[in-house]
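Dear colleague,

I am handing over the structure we spoke of, and my notes on it follow below. Please read them with the coordinates open beside you.

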Amino acid sequence: MFSGIPATRIRALSALTDSVVWAAGSEGYVGMTTNGGRSWRFKRIAGARELDFRALAAFDSLHAVVANAGFPASIYRTRDGGRHWRRVFFRADTTLFIDGMRFADGRNGVAIADPVETPEGERRFSLLRTTDGGRSWQPVPVPHRPRALAGEVSFAASNSGICRAGDRLYIVTGGSAARVLCSADSFKSWEVATPPMLHGKASTGIFSVSFLDQDRGV
């Protein structure tokens with residue numbers, strides 16, 4: 001690790017306390033401060049120079065998980081404050097583009113990725129799930145993934161297109177549609193809302209979602 005901020009574009013942030021903040025960005029860099037930002041320690045993850053980290057989940061000053069947007073899809077985990085990282089998920093092909101990641105607690109988390117066509121000819125968003133704090137990841141079964149409309153996508157918008165509020169997981173979409181997808185039963189079913197947001201082009205729709213509690217959100 002070294003002090004200072006390298007030439008990276010920071011695309012994900014996790015502020016745990018007034019003192020402990022993690023940041024992740026382009027060219028494989030992840031950084032962390034434990035003194036409220038007075039100094040930072042950044043490190044490029046070995047073998048990740050070409051990766052753009054836009055999804056970040058931090059648990060404390062030692063444990064964090066990051067995922068890149070783009071191909072190949074990779075997820076890394078550290079347990080020693082970012083000094084060492086272990087790749088815990090890898091997809092070599094171009095069928096998985098991770099857009100965001102959220103944890104309900106220290107063990108249970110989910111990553112959302114762009115829609116892909118299923119063997120049945122449907123378009124469904126891809127979901128990965130972990131139940132061991134990010135040590136391992138498994139695909140959510142196809143019937144439990146939300147259906148996507150033609151031209152509908154999710155955005156790798158600094159990890160802000162997915163959030164949790166209590167038992168509810170929210171995912172927002174854009175492109176041909178602007179929808180809010182919500183599951184309150186661990187992906188067994190999905191409710192859909194359609195806010196009156198601008199959509200219809202590739203760079204339009206909903207990029208970010210946040211909830212104060214299970215009822216109030218933006």
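Which residue in E9 is the bridge partner of Ser74? In this model, which is a predicted one, the partner that Ser74 has in E9 is Phe90. The two strands concerned, E8 (residues 73–78) and E9, pair in the antiparallel sense, and five bridges join them.

That pairing belongs to an open sheet of four strands, in which the order runs E6-E7-E8-E9 and the pairing is antiparallel. Strand E6 (52–58) and strand E9 (86–91) stand at the edges of the sheet, and because each has a single partner strand, one side of each is left without a neighbour there. From one strand to the next, the twist averages 20 degrees.

The other site I looked at is Ser154, which lies in the loop between strand E14 (152–153) and strand E15 (162–165). Is Ser154 buried or exposed? Its relative accessibility is 5%, and because buried means under 20%, Ser154 counts as buried.

The side chain of Ser154 takes part in polar contacts with two aspartates: one of 2.5 Å joins it to the side chain of Asp99, and one of 3.4 Å joins it to the side chain of Asp114.

Key. Residues numbered from 1 in each chain as written. Predicted model: local features only at pLDDT ≥ 70, side-chain atom pairs only at ≥ 80, totals over all residues. Heavy atoms only, no water. Buried < 20%, exposed > 50% of the residue type's maximum accessible area, 1.4 Å probe, protein only. Polar contact = N/O pair within 3.5 Å; in protein donor to acceptor, adjacent residues only side chain to side chain. Pairing = 2+ DSSP bridges. Axes fitted to C-alpha atoms, helices over the stretch in contact; angles between N-to-C directions.
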